[in-house]
Amino acid sequence: MDILRQKVILVAASDLGSLDAVAEEFRKIGSQVITVTGGFEAYEIARDRHVDAVLTASRLKSGSPAQLLSDIRRLNHEIPVILFGAAGEAISQTEALHRGFAAYFVHAFPTASLLAAAARSLEFAAERKRRKVERVLVAAMVELTYGSPPAITSAPVLNLSRGGLFVSIERGFRSEEHT
């Protein structure tokens, strides 16, 4: 769980016992933890400070987890938001994931599972960011090499028409004629 070391984790919960217990588990492995009791406070902190992940309880003193998720997505859609709540609450795990939460845990959950889900979510976010940067770099290389950005297709293209020969650099790029 090295990925969690030195990460800033924002934990929001109205129940101070849950808030402290979750925060302590992340502190033990080296994460910097910010705790709040309300969704509006969590949003303000995420807006004003760098946050790597958000963990929210299903009950908050202000706002709702769904609103917090929506607000965080508007700020930065790469920040994973994990929901944890009590058994028997109105939201199911399937519904939580469908809404866009990175994971959903029902009390009493093993803290190791919560830590593992946070680590996986951060690894997944880092991979998405890396791939986005790679796509931008490949598109920039193609534009610098050939002068104009290629059209996007669903498969690599070999173009032998009109005397041009071009094999795509990466799956999905196509160019009309380059010699």
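Here are some questions and answers about the predicted model shown above.

User: How many helices and strands does the chain have?
Analyst: Helices (H or I, at least four residues) and strands (E, at least two) are DSSP runs, numbered from the N terminus. Along the sequence they follow the pattern β-α-β-α-β-α-β-α-β-α-β-β-β-β. The count is five helices and nine strands.

User: Are α2 and α3 roughly parallel or roughly antiparallel to each other?
Analyst: Axes are lines fitted to C-alpha atoms, for helices over the stretch in contact, and angles run from 0 to 180 degrees between N-to-C directions. The axes of α2 (residues 39-48) and α3 (residues 65-75) come within 10 Å and cross at roughly 10°. Angles under 35 degrees count as roughly parallel, over 145 as roughly antiparallel, 65 to 115 as roughly perpendicular and the rest as oblique. So α2 and α3 are roughly parallel.

User: Which residues of α3 meet α2?
Analyst: On the α2 side, the residues are Gly-39, Ala-42, Tyr-43, Ala-46 and Arg-47. Nonpolar covers Ala, Val, Leu, Ile, Met, Phe, Trp, Tyr, Cys and Pro, charged covers Asp, Glu, Lys and Arg, and the others, Gly among them, are polar. By those classes, this contact has six nonpolar, one polar and two charged residues. From α3 come Leu-68, Asp-71, Ile-72 and Leu-75.

User: At roughly what angle do the axes of α1 and α5 cross?
Analyst: The axes of helix α1 (residues 16-28) and helix α5 (residues 111-146) come within 11 Å. Val-22, Glu-25 and Phe-26 of α1 make the contact with Thr-111, Leu-114, Leu-115 and Ala-118 of α5. The angle is roughly 65°.

User: Is Leu-60 buried or exposed?
Analyst: Buried means under 20% relative accessible area, exposed over 50%, and partly exposed in between (1.4 Å probe, protein chains only). Leu-60 sits in the loop between β3 and α3, and the residues it touches include Ala-12, Ser-14, Thr-37 and Pro-65, not counting residues up to four places away in sequence. Its relative accessible area is 13%, so Leu-60 is buried.

User: And Arg-59, buried or exposed?
Analyst: Arg-59 is also in the loop between β3 (53-57) and α3. Its C-alpha is 9.9 Å from that of Leu-83, 24 residues away along the chain. With a relative accessibility of 55%, Arg-59 is exposed.

User: Which residues is Ser-18 in contact with, leaving aside neighbours within four places in sequence?
Analyst: Ser-18 belongs to helix α1. At 14% relative accessibility, Ser-18 is buried. Its contacts are Phe-84 and His-107.

Technical notes:
Residues are numbered from 1 along each chain as its sequence is written. This is a predicted model: local features need pLDDT of at least 70, side-chain atom pairs count only at pLDDT 80 or more; totals for chains, interfaces and linings use all residues. Side-chain values use heavy atoms; hydrogens and water are left out. Contact means heavy atoms within 4.5 Å.
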